[in-house]
Amino acid sequence: MKMEHKKLKSFPKDFLWGSASAAYQIEGAYREDGKGLSVWDQFVRIPGKTFKGTNGDVAVDHYHRYHEDVELMAKAGLKAYRFSIAWTRIFPNGNGEASAAGIKFYSDLIDDLIAHNIEPLVTIYHWDLPQALQDEYQGWESRQIIPDFVNYAKTLFENYGDRVKHWVTLNEQNVFIQHGYLMASHPPAVKDPKRMYAANHIANLANAAATKYFHEHFDGEIGPSFAYSPVYAVNADPENQLAADNAEQFNSYYWMDIYAYGHYPDAIRQWQEEQGIAPEITAEDAALLADPLARPDFMGLNYYQTATVQANPLADGIGLAPENTTGKKGTKQESGIPGLFKSATNDYLQTTDWDWNIDPVGLRIALRRINSRYHLPVLITENGLGAFDTLESSHEIHDDYRIHFLREHVKAIHEAISDGVQVVGYTTWSFTDLLSWLNGYQKRYGFVYVDRDEQDERELARYPKDSFYWYEQVIATNGEDLGASK
């Protein structure tokens with residue numbers, strides 16, 4: 001029996017009910033107004049890398065339709081909107097002279113949000129590294145990216161800091177680094193653990209340097225956004241319990257510890273040294289990472305699922321396997337790291353069509369673990385259900401499955417708040433449908449249906465789903481009325 005409360009605490013009066021997006025997945029206009037190319041603009045053109053060769057050239061055309069999208073946000077009653085800024089709209093070549101057109105676009109968007117009483121939450125980096133920096137010095141593999149990233153962040157702070165009070169530095173560093181340098185499923189499509197850990201360390205330094213600069217010069221709150229999947233052992237066998245601890249340290253604490261404490265977990269550092277893949281840490285690195293001004297004000301949490309694992313012997317152990325990007329349920333493969341852990345089926349959980357575990361209680365566990373380990377407020381920066389949606393002839397979309405998913409996760413947040421966790425806000429993924437990086441347009445997350453598919457952009461018309469009106473009710477009642485469960 002889970003911890004139960006006689007009476008749940010209310011959501012805070014200033015709770016940031018919102019929704020989220022990323023520039024590459026929604027904006028389109030990929031060469032307009034002087035925008036430079038990002039690594040994703042090039043990566044999606046490699047045959048076989050994305051579902052049916054989909055790309056973000058047009059995406060859902062938010063660049064030209066943001067007024068319409070903001071009007072819909074206001075209609076839903078959103079208190080906050082988390083969006084990312086495309087580095088290549090601000091600096092087409094990653095550095096050098098800033099683009100006046102790029103700066104103006106986001107300034108206008110921020111003003112439009114504020115005019116509709118929606119707080120802008122800005123993500124500085126959501127994976128779209130300028131291709132020019134990848135070509136010049138291999139992007140995250142060079143320490144030159146640290147001053148370039150800080151200069152980019154500084155430009156955003158200077159132009160928008162009077163209106164933006166919540167900043168997310170790096171979105172899902174654990175995802176873009178591991179998929180980019182270990183699994184070759186994101187740019188730069190490398191499979192090399194030594195290069196991965198070296199690039200990851202440099203990303204940590206860039207994150208710390210930008211955070212420190214912000215705290216030295218600006219008011220507001222800043223933190224990373226981490227994709228956290230709490231780990232369960234498949235059973236009480238101590239070997240499997242140890243595997244679960246390995247996975248938690250390897251997949252989660254390795255990143256969150258450096259954000260919150262400025263050092264890596266000892267067990268993983270020892271393992272890296274044994275493998276000959278430990279990143280170099282200079283005295284200057286250690287000083288920057290340990291600087292109190294480099295600490296985050298909150299931990300951003302992107303939560304979608306939990307993971308269940310079991311022991312994975314070093315001899316003949318299971319290695320990493322690709323994810324299900326087709327939406328064909330049951331095609332996910334066993335995956336792991338020999339000597340540490342491997343995936344296991346959790347018979348207590350249902351899964352999505354992309355084989356992601358559906359586990360609302362896991363969100364409560366994630367919030368409690370972050371609270372216990374780091375004592376930081378949590379801003380839930382992503383949570384949502386990717387699913388196949390049907391547009392009816394009446395332009396209605398009956399997504400009861402999404403309502404159920406979100407309702408149960410909001411309940412889990414409410415319970416975590418009652419457990420004593422400080423939760424700042426909840427920005428669902430996503431507001432409109434969008435390009436799902438590797439999964440095309442068929443994997444829909446939004447409250448608003450965008451009428452397009454992989455082959456046909458059509459008119460890109462927007463239609464609110466049933467979940468849109470459900471969320472409107474949740475926000476209006478500050479989480480008190482979640483509707484009747486079905």
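The axes are lines fitted to C-alpha atoms, for helices over the stretch in contact, with angles running from 0 to 180 degrees between N-to-C directions.

Colleagues, the model shown is predicted, with local features requiring pLDDT of at least 70 and side-chain atom pairs counting only at pLDDT 80 or more, while totals for chains, interfaces and linings use all residues. Residues are numbered from 1 along each chain as its sequence is written, and side-chain values use heavy atoms, leaving out hydrogens and water.

I begin with helix α8 (residues 173-181) and helix α10 (residues 238-261), whose axes lie 10 Å apart at an angle of about 125°. The two helices, α8 and α10, are therefore oblique to each other. Helices here are DSSP runs (H or I, at least four residues), numbered from the N terminus. In α8, Q173, N174 and Q178 meet F250, N251, W255 and Y259 of α10, where contact means heavy atoms within 4.5 Å. By class, this contact of α8 with α10 has three nonpolar, four polar and no charged residues. Ala, Val, Leu, Ile, Met, Phe, Trp, Tyr, Cys and Pro count as nonpolar, Asp, Glu, Lys and Arg as charged, and the others, Gly among them, as polar.

I turn now to the second pair. Helix α5 (residues 100-115) packs against helix α7 (residues 145-160) at about 50°, the axes being 11 Å apart. That angle makes α5 oblique to α7. From α5, the residues G102, I103, Y106, S107 and I110 meet T155, N159 and Y160 in α7. This contact of α5 with α7 comprises four nonpolar, four polar and no charged residues.

Conventions: Angles under 35 degrees count as roughly parallel, over 145 as roughly antiparallel, 65 to 115 as roughly perpendicular and the rest as oblique.
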